[in-house]
Amino acid sequence: LRFQLEYLSSPMGRMTHEKRTFLKRFIEDKKRQQSSKTTPLLEHSDYLYLEEQLGVSRYQLYSIIHYASEKRGKVTQRKKLELEKFMRNQKYDSATETYMPLSEEEFNSLQEKLGWSSYQLRFQIKRISEHSTWVALNVSTRQRIKQFLEMHPEPSVEQLESLRREHNLNRDQFRTLRYRLNSPCKEMSTESKELLRSWLSSHGFRRPNSEQVDELMNQTGMGRIQLHSTIATLIDPPGTLTDEKKQRVRNAIKNSNHLSDEQFETLRTELDLGRKQLRNLITTIRDPLRRITQEKKETIHTFLEGIGFMKPTSQQVSELARSADLSRKQVNQLVSHILFQPSQCSRESSEMIHQWLKEHSYDAPSREQEKELIEESGLNLQQVRYQVNKHRHAWRQKQSNVPKE
């Protein structure tokens with residue numbers, strides 16, 4: 001009861017990178033001053049001091065200190081698969097198609113075996129349990145949910161829960177779909193990108209909070225996902241990747257199986273690469289591409305046919321990669337090729353797109369116009385863009401050959 005009263009009475013503050021760094025150093029100093037491990041690390045006066053300095057609640061301090069005190073291990077694909085195998089063999093109930101909870105002894109045994117903190121293990125168990133109930137979404141389901149959200153801009157909790165159960169989606173999947181449907185991507189102009197770059201420069205290239213995100217969305221006209229993606233690219237721009245840099249990364253991985261945060265940042269600074277770019281390169285080196293044969297293609301095609309040609313989950317992609325002896329990247333590429341295989345483009349469809357470009361002065365179509373062209377021509381997005389680029393390129397070549405007066 002006291003804990004609940006403290007949680008309700010103390011206002012929640014915003015945790016920033018500077019506040020976390022201050023708290024981390026404060027705890028490290030306290031650990032050095034601690035005379036015995038039996039005595040508590042922080043006293044009541046310490047909590048009052050931290051609440052005043054950081055402007056956060058006692059509940060937030062408890063959570064962050066407990067999270068920081070646990071030693072976190074490396075989460076690798078091998079460990080994930082090992083946990084998935086244990087959960088599937090020991091804890092999966094085929095009757096209800098759900099996972100049973102772990103006992104305290106099983107939890108501690110897995111934590112010691114995998115070398116993870118309790119937070120890491122709980123998160124991975126939740127991920128496996130949620131993915132077991134994920135339903136492959138088709139176009140009609142997305143369209144029905146989109147129409148419902150357009151008719152009900154501010155739905156009640158009961159309406160959302162009824163809609164979720166109607167389509168047999170779990171809460172995380174439904175929440176993600178709502179987030180994407182409410183934040184559609186729009187065409188990004190150069191002015192919007194420059195506005196974001198100047199805003200980040202004036203704010204020290206820190207990510208905006210929720211109020212600032214809403215303000216930037218109104219100024220740029222972008223969707224929420226599109227805005228976050230653009231900000232991530234501007235904060236962490238990719239560098240030029242050469243064979244020499246790839247070899248240096250191979251040598252670094254060869255000498256050390258696990259790169260610490262300091263080693264990762266040092267390597268990134270020396271090679272002048274983005275963080276995401278370097279992580280993808282390390283993943284590619286550790287999970288190299290294999291030879292793709294016709295037999296492997298048929299294995300993936302048979303699997304997709306068995307699940308009704310729906311997009312597989314992350315767990316299913318891992319199983320496919322093991323059974324076909326391919327990397328996850330190769331499996332995803334083959335799945336995309338099979339699911340979104342382009343149909344043959346007829347001359348009538350090509351001429352229809354060419355006529356549309358003539359009527360619009362050969363300007364590139366927007367996202368909404370691309371959707372209209374897809375419906376009218378019967379082509380997919382990749383084919384429509386190819387035809388648009390082909391006709392625009394031919395028009396520019398023709399214009400450049402016209403003699404000037």
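## Contacts of E84

E84 touches R127, I128 and Q315, when residues up to four places away in sequence are not counted; a contact here means heavy atoms within 4.5 Å. E84 is placed in helix α5, residues 77–91. Helices (H or I, at least four residues) and strands (E, at least two) are DSSP runs, numbered from the N terminus. E84 counts as buried because its relative accessibility is 5%. The classes are buried (under 20% relative accessible area), exposed (over 50%) and partly exposed (in between), with a 1.4 Å probe and protein chains only.

## Model and chain

This is a predicted model, in which local features need pLDDT of at least 70 and side-chain atom pairs count only at pLDDT 80 or more, while totals for chains, interfaces and linings use all residues. Residues are numbered from 1 along each chain as its sequence is written, and side-chain values use heavy atoms, with hydrogens and water left out.

The chain has 22 helices and two strands. Of its 405 residues, 30% are buried. Among contacts in the chain with a separation of 6 or more, 64% are between residues 24 or more positions apart.

## Surroundings of L163

L163 lies in helix α9, residues 157–166. At 5% relative accessibility, L163 is classed as buried. Apart from neighbours within four places in sequence, L163 is in contact with I145, F148 and F174. The C-alpha atoms of L163 and F174 are 9.2 Å apart, and the two residues are eleven residues apart in sequence.

## Helix α16

Helix α16 has twelve residues, 275–286, and at 1.5 Å a residue it should span 16 Å; the end C-alpha atoms are 17 Å apart, which agrees. The expected span is 1.5 Å times one less than the number of residues.

Which residues of α16 are buried? They are L278, L281 and I282. Seen down the helix axis, the buried residues of α16 fall within an arc of 100°, so they line one face; the arc is taken from the directions from the helix axis to the C-beta atoms. K276 and T283, on the other side of α16, are exposed. The cover over the buried residues of α16 includes α14 (243–255) and α15 (261–271).

## Packing of α15 and α16

Two packed helices are described by the angle between their axes and the distance between the axes. The axes of α15 and α16 come within 10 Å and cross at roughly 105°. Axes are lines fitted to C-alpha atoms, for helices over the stretch in contact, and angles run from 0 to 180 degrees between N-to-C directions. The helices α15 and α16 are therefore roughly perpendicular to each other, a class that covers 65 to 115 degrees; under 35 is roughly parallel, over 145 roughly antiparallel, and the rest oblique.

On the α15 side, the contact is made by F264, E265, L267 and R268, and on the α16 side by R275, L278, R279 and I282. These residues divide into four nonpolar, no polar and four charged. Ala, Val, Leu, Ile, Met, Phe, Trp, Tyr, Cys and Pro count as nonpolar, Asp, Glu, Lys and Arg as charged, and the others, Gly among them, as polar.

## Positive phi in loops

Most residues other than glycine have a negative phi. D272, in the loop between α15 and α16, is not a glycine and has a positive phi near 60°. With 55% relative accessibility, D272 counts as exposed.

F205 is also not a glycine, and its phi is positive at about 55°. F205 sits in the loop between α11 (190–202) and α12 (210–220). Its relative accessible area is 38%, so F205 is partly exposed.
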